[in-house]
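Hello! Here are my notes for your first read through this structure. Please keep the picture open while you go through the points.

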Amino acid sequence: MSRATAPDRTIMHHKTNLPTKTCIQCGRPFTWRRKWARDWEQVKYCSDACRRGKVPDRTGGTTVTPARPGRG
């Protein structure tokens, strides 16, 4: 009994040709996503966490966290 093989797949999708940007919050590179197709020029962050500022800055800059009143 011979094993059936899948047909040759001549059409292959490579994600290497997608445009990339660098996140302004964390500094990591991220690639284009279909959901950003209409407003790719306005996309600045790689994730919702970066957009909300929940990810620490890894771009090499220094961020100063304001002191909380009443603590000390």
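1. Which residue forms a salt bridge with Asp 48? The partner is Arg 51, and the closest N and O atoms of the two are 3.1 Å apart. A salt bridge here is a side-chain nitrogen of Lys or Arg within 4 Å of a carboxyl oxygen of Asp or Glu, and by this rule the count comes to one. Arg 51 and Asp 48 are separated by about one helical turn, because they are three residues apart in helix H1 (residues 48-52).

2. A word on where the values come from. This is a predicted model, in which local features need pLDDT of at least 70 and side-chain atom pairs count only at pLDDT 80 or more, while totals for chains, interfaces and linings use all residues. Residues are numbered from 1 along each chain as its sequence is written, and side-chain values use heavy atoms, with hydrogens and water left out.

3. Now the overall layout. The protein chain has one helix and two strands, and from the N terminus on its elements run β-β-α. Helices (H or I, at least four residues) and strands (E, at least two) are DSSP runs, numbered from the N terminus.

4. Next, the surface. Of the 72 residues in the protein chain, 14% are buried. Buried means under 20% relative accessible area, exposed over 50%, and partly exposed in between (1.4 Å probe, protein chains only). Asp 48, for example, is partly exposed, because its relative accessible area is 45%. The accessible surface of the protein chain comes to about 7100 Å² (Shrake-Rupley method, 1.4 Å probe), and 50% of this surface belongs to carbon and sulfur atoms.

5. Rings of Phe, Tyr and Trp (its six-membered ring) pair if their centres lie within 6.5 Å; planes under 30 degrees apart count as stacked, over 60 as edge-to-face and the rest as tilted. By this rule there are three aromatic pairs.

6. Leaving out residues up to four places away in sequence, Trp 36 touches Phe 30, Thr 31, Val 43, Tyr 45 and Cys 46, where contact means heavy atoms within 4.5 Å. Phe 30 is buried too, because its relative accessibility is 7%.

7. What about the nonpolar core? The term covers buried Ala, Val, Leu, Ile, Met, Phe, Trp, Tyr and Cys residues joined through side-chain atoms within 4.5 Å. The largest nonpolar core has nine residues, including Cys 23, Phe 30, Trp 36, Trp 40 and Val 55. Beyond its neighbours within four places in sequence, Val 55 is in contact with Gln 25, Cys 26, Arg 28, Ala 49 and Cys 50.

8. Finally, is Pro 29 buried or exposed? Pro 29 counts as exposed because its relative accessibility is 65%. Pro 29 is found in strand E2 (residues 29-31), and touches Lys 21 and Thr 22, not counting residues up to four places away in sequence.
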